[in-house]
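Thanks for coming. I have one structure to go through this morning, starting with the whole chain and ending with two residues. Please look at the screen.

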Amino acid sequence: MKLPIIAITMGDAAGVGPEIIMKALARPEVHARLRPVVVGDARRLEAAGRLVGSTLRVRRIDDSNGIAVPPEPDTVDCIDLGLIPEDLPFGKLSAIAGEGAFRFIERAVKLASAGQVSAICTAPLNKEALHAAGRKYPGHTELLAELTGTKEVSMLLMAPKLRVIHVTTHIGLLDAVERIEPGLVERTIARGRELLVRAGIADPRIAVCGINPHAGEHGLFGRGEEEAKIEPAVAACQARGWAVEGPLPADTLFYRATRGDFDLVVAMYHDQGHGPVKVLGLEAGVNVTVGLPFVRTSVDHGTAFDIAGTGRADDQSLVEALMQAVELAPRQS
């Protein structure tokens with residue numbers, strides 16, 4: 001069986017993306033599981049290699065036929081878009097880097113949509129740089145949804161002992177509460193469940209967070225959001241025979257999930273889900289976009305401008321994201 005080809009987008013060239021890519025692709029265990037192909041800038045990868053003390057060679061390949069060329073030992077294959085100036089400083093906001101990050105994603109989406117790669121794994125981009133380039137997206141998730149014409153996707157974060165899918169993500173808290181409704185909650189649960197079933201969990205145990213403290217405590221807190229927005233979705237899922245519980249108080253739910261009571265937690269808004277995941281595994285966290293026509297995983301950290309260009313960035317999250325991409329990607333014959 002052929003190894004799955006995973007397209008790795010370089011992310012913001014001024015951030016730690018190039019460095020963690022060169023570190024991760026020096027690991028033998030990565031090459032034992034997948035064929036990595038970086039979509040980015042070859043000169044930037046070479047510069048990052050020097051920063052981290054890598055001996056890997058960067059080979060420029062053409063995406064029309066280069067992916068079919070057998071990989072070579074101690075070599076990083078790069079579909080080189082040539083967008084990053086050689087003197088672009090690390091650690092500084094740049095519209096050029098923001099545009100590059102967009103174009104790397106755009107090319108990877110074309111490859112995945114055409115079936116030339118099995119999955120996409122993304123290094124971090126910077127939202128301010130993206131906006132400075134005129135690309136007004138809140139983040140990777142929304143960008144990927146628009147490029148693929150996908151009407152609705154979900155963000156799922158994975159850390160050691162915890163998986164969390166989000167009903168809403170990059171919007172303000174008041175807007176999030178307004179947007180939550182039974183149909184959206186039910187579709188989010190369904191997307192998360194489908195992903196876990198595909199990954200080999202036959203009947204995932206799913207817990208759904210409430211919005212208010214103590215999940216509203218039967219109307220004591222809030223304005224009846226749990227009863228109006230969440231309970232109908234949980235009931236609909238239970239009617240399908242799914243193992244879904246909720247709404248449950250978020251302050252104790254995440255503890256229960258980490259001890260093994262649940263396979264998936266459904267968070268209502270960004271910080272409700274992100275906080276526990278990042279406490280447990282910022283370095284090893286993985287972000288999965290659920291609902292796209294292909295698999296996309298990502299590191300669960302940002303561009304880290306404060307250490308970019310020093311060679312100190314930890315590649316563990318990228319390695320985990322690559323391994324999860326392999327687990328979720330369709331097998332090639």
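Of the 333 residues in the protein chain, 54% are buried. Keep in mind that this is a predicted model. The chain has twelve helices and twelve strands. Its radius of gyration is 20 Å, close to the 20 Å from the globule rule for 333 residues, so the chain is as compact as a globular protein of that length. Along the principal axes, the C-alpha atoms fill a box of roughly 60 × 45 × 35 Å.

Now the contacts. Taking those with a separation of 6 or more, 73% are between residues 24 or more positions apart.

Is Glu19 buried or exposed? Glu19 is buried, because its relative accessible area is 0%, and the cut-off for buried is under 20%. Beyond its sequence neighbours within four places, Glu19 is in contact with residues including Ala48, Phe90 and Ile307. Ala313 lies 294 residues away from Glu19 along the chain, yet their C-alpha atoms are separated by 7.0 Å.

Lys23 is also found in helix H1. Its relative accessible area is 23%, so Lys23 is partly exposed. Leaving out residues up to four places away, Lys23 touches Val52, Gly311, Arg312, Ala313 and Asp315. From Lys23 to Leu56 is 33 residues in sequence and 9.5 Å in space, C-alpha to C-alpha.

Technical notes. Residues numbered from 1 in each chain as written. Predicted model: local features only at pLDDT ≥ 70, side-chain atom pairs only at ≥ 80, totals over all residues. Heavy atoms only, no water. Buried < 20%, exposed > 50% of the residue type's maximum accessible area, 1.4 Å probe, protein only. Contact = heavy atoms within 4.5 Å. Helix = DSSP H or I, 4+ residues; strand = E, 2+ residues; numbered from the N terminus. Rg over C-alpha atoms; globule rule 2.2 N^0.38 Å.
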